[in-house]
Amino acid sequence: MIPGKEVRLRAIEREDIPRFVRWMNDPDVIQFLLMSSPLSTAMEEKWFEKQLERPPYQGQILAIEVLQGQDWVPIGNTDLRDVAPVSRTADFGIVIGEKAFWNKGYGTRATRLMVKHGFENLNLNRIFLTVFANNPRAIKAYQSAGFTQEGILRQGIYKNGRYQDLILMSVLRSDWMNFEDK
């Protein structure tokens with residue numbers, strides 16, 4: 001468990017699979033994700049089994065939960081993947097699958113919490129991501145977590161019938177250490 005204010009991150013569990021399948025089959029949820037094909041429960045179960053084989057130091061997908069009254073409610077997932085032990089880098093990803101929790105700052109809080117985990121617990125030096133150039137909500141959330149733009153991958157992805165630009169962003173440990181709102 002990685003605790004934060006109003007948001008916490010926890011290991012994913014087998015009982016999360018139906019929720020993940022629902023999220024990953026919602027066109028609104030996946031519009032800014034790299035996936036574009038329907039996902040079956042069997043496919044998600046196979047993916048889950050592969051996640052169990054990955055050692056946590058190589059990156060891990062964590063469930064995002066928010067406190068609602070007395071209960072912690074799962075609203076999305078976040079991960080650090082492709083952890084490179086020599087260069088101490090990782091690729092960051094996040095999805096808020098529960099649309100009722102969009103635009104409430106939970107994605108920003110979860111991003112900050114995962115970045116903190118990456119630097120403080122995994123000893124990373126650089127965390128990077130790509131984001132659709134036409135996703136200003138995500139770009140703003142990443143910037144408020146300390147990420148800065150490094151460049152643009154022109155027509156870096158084909159999605160929804162057209163090529164779209166991706167923005168490459170990163171945060172360095174040294175930037176984060178000086179970031180006033182950790």
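This is a predicted model: local features need pLDDT of at least 70, side-chain atom pairs count only at pLDDT 80 or more; totals for chains, interfaces and linings use all residues.
Residues are numbered from 1 along each chain as its sequence is written, and side-chain values use heavy atoms, with hydrogens and water left out.

**Entry: salt bridges**

I took a salt bridge to be a side-chain nitrogen of Lys or Arg within 4 Å of a carboxyl oxygen of Asp or Glu. By this rule I get 12 salt bridges.

I then went back to Glu-98, whose side chain meets that of Arg-22 in a salt bridge, 2.5 Å from N to O. Arg-22 sits in helix α1 (residues 17-24) and Glu-98 in the loop between β5 (89-96) and α4 (106-120), so this pair ties together parts that are 76 residues apart in sequence. Helices (H or I, at least four residues) and strands (E, at least two) are DSSP runs, numbered from the N terminus. Arg-22 counts as partly exposed, at 46% relative accessibility.

Next I looked at Lys-99, which is partly exposed at 35% relative accessibility. Its side chain forms a salt bridge with Asp-26 at 3.0 Å, N to O. Asp-26 lies in the loop between α1 and α2 (27-30) and Lys-99 in the loop between β5 and α4, so the pair ties together parts 73 residues apart in sequence. Asp-26 is buried, with a relative accessible area of 17%.

Lys-99 also forms a salt bridge with Asp-28, the closest N and O atoms being 3.0 Å apart. Asp-28 belongs to helix α2, and this pair links parts of the chain 71 residues apart. Asp-28 is partly exposed, at 39% relative accessibility.

I also noted a network: salt bridges that share partners join Arg-8, Arg-10, Asp-16, Arg-19 and Glu-65.

**Entry: α1 against α3**

Which residues make the contact between α1 and α3? With contact meaning heavy atoms within 4.5 Å, I found Ile-17, Phe-20 and Val-21 of α1 and Thr-41, Glu-44, Glu-45, Trp-47 and Phe-48 of α3.

Notes
Buried means under 20% relative accessible area, exposed over 50%, partly exposed in between (1.4 Å probe, protein chains only).
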